[in-house]
Amino acid sequence: MAVEDCGYGAPGGRSIQPVYGAQHPPLDPRLTKNFIKERSKVNALPMKNKKASSFHEFARDTSDAWDIGDDEDEDFSSFQTLNSKVAKATAAQVLENHSRLRVKSERPQAALNEVPNNCKVIKSNSEAQLSRPEDDCMCNSLHKQSLPLRPIIPLVARISDQNASGAPPMTVREKTRLEKFRQLLSSHNTDLDELRKCSWPGVPREVRPVTWRLLSGYLPANMERRKLTLQRKREEYFGFIEQYYDSRNEEHHQDTYRQIHIDIPRTNPLIPLFQQPLVQEIFERILFIWAIRHPASGYVQGINDLVTPFFVVFLSEYVEEDVENFDVTNLSQDVLRSIEADSFWCMSKLLDGIQDNYTFAQPGIQKKVKALEELVSRIDEQVHNHFRKYEVEYLQFAFRWMNNLLMRELPLRCTIRLWDTYQSEPEGFSHFHLYVCAAFLIKWRKEILDEEDFQGLLMLLQNLPTIHWGNEEIGLLLAEAYRLKYMFADAPNHYRR
């Protein structure tokens, strides 16, 4: 998220500009980048104002694809001035400049073209954006240039599938792991340390709901106490609903409820599951009750994203098919109430460990962004100096990484796999996440070093091409993050210059 010119948000009535990422494609960067360059040539300012003007121009000229007409705060006037003459003149250069940003898939073309029947598909980020009539001539001119073909891929292919990266069906090793989980979970007192050890490399889909409840601290390790605990906590949550939810119409809560009501449709807007009215009502209740019970922070934009992994995982307990297109009206009221209450409590447990990320001025995030800057300066000085050369501040891109826990950068299936490990790590969301962000940044070092201007770097960092990612890529990312943690977490002399 971005607030005013600084690129971050905080509680209150300040101007909020949502951000986009892997789940929320922006306007076509091939056009946007060149348009910004054209504007910057005309409106060039003296060098002493370069830093301020470049970021202000960038923030003003970028917006979310799904926000057109949504909110009076969004300004698209700059894009409306782009005419077909500029598009035609720059089309060839656009294709050349951005061909290197395309991800070269290592999997066979045929595998990528296998799309489940019930999955929504896109050919590129630009096809997912909202179109405007005045862009027709621009699109026609680009298509005439014979754009290279891209594989057709599922947008959120098999969210609930443990093998989302294209791996074959469950192997003997995976069956053995699943049996190990079932033995641990069925024991009279589950060994949580052993459960964390088994969960670090990923939790099988079949046992993920109960494993997440245990790892988050929502369920007790003792088998006999679990049923009564679930019953008590679910009743407690709906007691909060009866006590507090009607107050959303009171004057002192209207701003909170209005912001939640605006943000809910923007939560994973390309996944049909989250656009169902019944699901949006559930999310509104969860977020409003959490905000009322946590007045120190209240609701902050971005918290809405943190509900979705829990909701999908607990829904998958009752749905065998892919959940992204599932109609929740097919479930009983009791099942929906259980999913809602469990999502609320597990999200609350997560936020308890990172609440300073969302208090006034969000000091937790500011500290983490600063720590990321220091860490990157030690592990890859070339990338760090590249940012300094083009006056890119870490806060301008990494604030969202900390605020949304990389959820805007990764497909939802990858977030779920990532959270298997976060819940297995001590302080996974608050501490280990820093090293994941560092590993994630260095993963794109070649693309970063290839960009040689401020706008290009920001466009890249806010729209990294992870749409193809699955378990394999997340596994490699986590392994590198663990290596960085091992090297730097307990070595302050290595951590700072």
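These points cover a helix, a core and some salt bridges in a predicted model.

1. Start with helix α20, residues 428-443. The helix has a kink of about 30 degrees, centred on L434. Of its 16 residues, 12 are buried, so α20 is largely enclosed by the rest of the structure. L434 is one of the buried residues, and L441 is another.

2. Next, the largest nonpolar core. This core has 115 residues. Those with the most contacts inside it are M347, F387 and W419. Take F387: beyond its neighbours within four places in sequence, F387 touches V392, Y394, F397, L441, I448, L457 and L461. L441 also belongs to the buried part of α20.

3. How many salt bridges are there? The count is 16. One joins R213 to D342, with the closest N and O atoms 3.1 Å apart. R213 lies in helix α10 and D342 in helix α15, so the pair ties together parts 129 residues apart in sequence. Both R213 and D342 are buried. They also belong to a salt-bridge network with R234 and E317.

4. R285 pairs with E340, and here the closest N and O atoms are 2.9 Å apart. This bridge links distant parts of the chain: R285 is in helix α13, E340 is in helix α15, and 55 residues separate them. R285 is buried at 18% relative accessible area. E340 is buried at 2%.

5. K233 and E236 also form a salt bridge, with the closest N and O atoms 3.5 Å apart. They sit three residues apart in helix α11, so about one helical turn separates them. K233 counts as buried because its relative accessibility is 16%, under the 20% cut-off. E236, at 30%, is partly exposed.

Technical notes. Residues are numbered from 1 along each chain as its sequence is written. This is a predicted model: local features need pLDDT of at least 70, side-chain atom pairs count only at pLDDT 80 or more; totals for chains, interfaces and linings use all residues. Side-chain values use heavy atoms; hydrogens and water are left out. The bend at a residue is the angle between axes fitted to the seven residues ending there and the seven starting there. Helices (H or I, at least four residues) and strands (E, at least two) are DSSP runs, numbered from the N terminus. Buried means under 20% relative accessible area, exposed over 50%, partly exposed in between (1.4 Å probe, protein chains only). A nonpolar core is a set of buried Ala, Val, Leu, Ile, Met, Phe, Trp, Tyr and Cys residues joined through side-chain atoms within 4.5 Å. Contact means heavy atoms within 4.5 Å. A salt bridge is a side-chain nitrogen of Lys or Arg within 4 Å of a carboxyl oxygen of Asp or Glu.
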